[in-house]
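Let's take a walk over the surface of this protein and look at how some of its side chains are arranged. Have the structure open as you read.

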Amino acid sequence: MSESGEISEFGYIMELLARGKVTIKNIERELICPACKELFTHPLILPCQHSICHKCVKELLLMLDDSFNDVGSDNSNQSSPRLRLPSPSMDKIDRISRPGWKRNSLTPRTTTFPCPGCEHDVDLGERGINGLFRNFTLETIVERYRQAARAATAIMCDLCKPPPQESTKSCMDCSASYCNECFKIYHPWGTVKAQHEYVGPTTNFRPKILMCPEHETERINMYCELCRRPVCHLCKLGGNHSNHRVTTMSSAYKTLKEKLSKDIDYLIGKESQVKSQISELDLLMKETECNGERAKEDAITHFEKLFEILEERKSSVLKAIDTSKKLRLDKFQTQMEEYQGLLENSGLVGYAQEVLKETDQSCFVQTAKQLHVRIQKATESLKSFRPAAQTSFEDYVVNTCKQTELLGELSFFSSGVDVPEINEEQSKVYNNALISWHHPEKDKADSYVLEYRKINRDEEMLPWNEIEVCGTSKVISDLESNCNYAFRVRAYKGSICSPCSRELVLHTPPAPVFSFLFDEKCGYNNEHLLLNLKRDRVESRAGFNLLLAAERIQVGYYTSLDYIIGDVGITKGKHFWAFRVEPYSYLVKAGVASSDKLQEWLRSPRDAVSPRYEQDSGHDSGSEDTCFDSSQPFTLVTIGMKKFFIPKSPTSSNEPENRVLPMPASIGVLLDCDKGSVAFYDVDHMRCLYERQVDCSHAMYPAFALMGSGGVQLEESITAKYLGYQESM
């Protein structure tokens, strides 16, 4: 049925509900898909136990798949770096649900998406949609709901001659509806058709058979008590549930039905209690409304008091500035008048000229002595001119930084709510940021508010971004690369807020995170290396093979490096990835290698293990000190024995003590194909340890090599699955 048809049908059903013509009432919201907001169509059960339409799952995956392609093409303003041959052209939706999809395919496939019901990330795994169960029970209820709505417009017989009669039965085997007469004609007694399964009039003829997602030809007939999901007998015999406790489907059906019946009977028996609690909730809502308005009035009163204080301080400050301004202007005016008196034909000079005209000596001396003192003072003031007042009002600048910070944190503080503390060990930043915190009185907090902001290099105070969180951890995405971010959290109980926690500053990676896994097909030596099922961890099987080669060691046998590379190459752009080296590792080399160099390594690995071969630069170690090439098609650094060894370079000290650093807990690699450089980072502090030029004319791959006992673990991308949606169930 088309989308417009579904919408019209749903509207028609709701109209019949309003008229009271549908018998099944008050369950509409249970039958609405959280994605499309319509009645469920072929619902599937997600791992988080919420249901969603089959078509909605496909649309969500397709939308995320397209956005993944867009992000990949937008990173560093260039196309996707993945090197794969184009897959055959086919419909994208069918491609998403196709079983057996492999990661090495060019077409990216997203199997993780947020559940529209609980908004937690769910991972469909390798099987994708084919690994989900159909929700037959919900499907039946929706069909019953539709049938109740269609009671006013009966289903007509499919076999009647015009005009058709109203049908009374529907045959599930024939997928058709019949009136009484037609049913007798097409299903006569004594024939095979008489044994067909028939139900009441319906338009849903889909077979109600629950098949195992892992074994598509097997029917579900058991129930795993550990995983709490239906399984088939092959799952129990040799599958993922071989060591789990399972029970028969009839026993699980009986047990769950009894529990559900008891719960329903209990709720029905408590109907009067529920009604009284509803009345109580209604009163509480009204009381909350009144208390909320009262709280608003109190808050307005407090803010008005603050406004009054600010207005008073404003008036006082402005008055002080005006008084000082008037006093300074008066001083300047007096000084200016004095200097104007020094001018010829005016003031003091003119008066002195008139005194000089006096011929009576006694009168002249009497007047000239005092005038001479004044002239001397005027002369001295000309020699050392000093303004009578200052023009600057620096002493009158209002410093509001502290008050601004306090006003920004203005909230409902109370000593009854403890301050939460951010857990620095569990908090980290990679492709996203994972912030975790603990609260001494977790049960007393209703919610938390996580705040974060970017710290500019010029220390400009940017506003805080706020996120309300119900739990004690949160994943934050869309952070800028190569930036410092400050995080803090506060707890809320009702309208009461705790003070903010101590700030945690984290540095984001210098480039977008590049996602890849270890390639088990290209040059992988399964005799020496052990790769886990997720292909994100590799270990070196050291010891036994070395013992077998003991005789050859006596005659100059050298243990070789076992190489393993990433399953995705990079041709352009700026990318970052991180990994951990196990502390017990003897020797591990990590970095990047070009596709042409990989062919050389993988064709003749013994040629690369000469004791004079220096992996870090591609030159013979004997000539390393005198010959350097600033641009190489590969770069590998050495990690081992809890140390990080920096390769030799012409620009830095080559003394051994200056080239050995403590091994970081996590090591990052930054590859910039546009600039032709590769750098290695201490991820915990996001500090660059070593950088050099590299030739990126060919496709570059993450490369690793192990010798002796060792292990490498790729850093896992941070997703919302860290929060654990099962906690909310």
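Which residues make a nonpolar surface patch of about 570 Å²? In this predicted model, Phe303, Leu306, Phe307, Ile309, Leu310 and Leu407 make up that patch. Helix α8 supplies the largest share, five residues.

Glu289, Glu293, Glu297 and Asp298 form a negative surface patch, and glutamate 289 belongs to helix α8, which covers residues 271–340.

Now for charge pairs. Side chains of opposite charge can pair when their charged atoms come close. The model holds 18 salt bridges. One of them links aspartate 282 and lysine 286, at 3.8 Å from N to O. Both residues lie in α8, four residues apart, or about one turn of the helix. Aspartate 282 is partly exposed, at 37% relative accessible area.

Another bridge joins glutamate 520 to arginine 535, with their closest N and O atoms 3.5 Å apart. Glutamate 520 is in the loop between β20 and β21 and arginine 535 in the loop between β21 and β22, so the pair ties together parts 15 residues apart in sequence. Here glutamate 520 is partly exposed at 31%, while arginine 535 is buried at 14%.

Arginine 537 and glutamate 539 also form a salt bridge, their closest N and O atoms being 3.6 Å apart. Arginine 537 is buried at 19%, and glutamate 539 is partly exposed at 27%. Finally, salt bridges with shared partners connect Glu451, Glu466, Arg488 and Arg490 in one network.

Methods: Residues numbered from 1 in each chain as written. Predicted model: local features only at pLDDT ≥ 70, side-chain atom pairs only at ≥ 80, totals over all residues. Heavy atoms only, no water. Patch = residues over 30% accessible without salt bridge, like charges linked within 9 Å, V, L, I, M, F, W, Y side chains within 5 Å. Areas by Shrake-Rupley, 256 points an atom, 1.4 Å probe, with all protein chains shown as cover. Salt bridge = Lys/Arg side-chain N within 4 Å of Asp/Glu carboxyl O. Lys, Arg positive; Asp, Glu negative; His and termini not counted. Charge placed at Lys NZ, Arg CZ, Asp CG, Glu CD. Helix = DSSP H or I, 4+ residues; strand = E, 2+ residues; numbered from the N terminus. Buried < 20%, exposed > 50% of the residue type's maximum accessible area, 1.4 Å probe, protein only.
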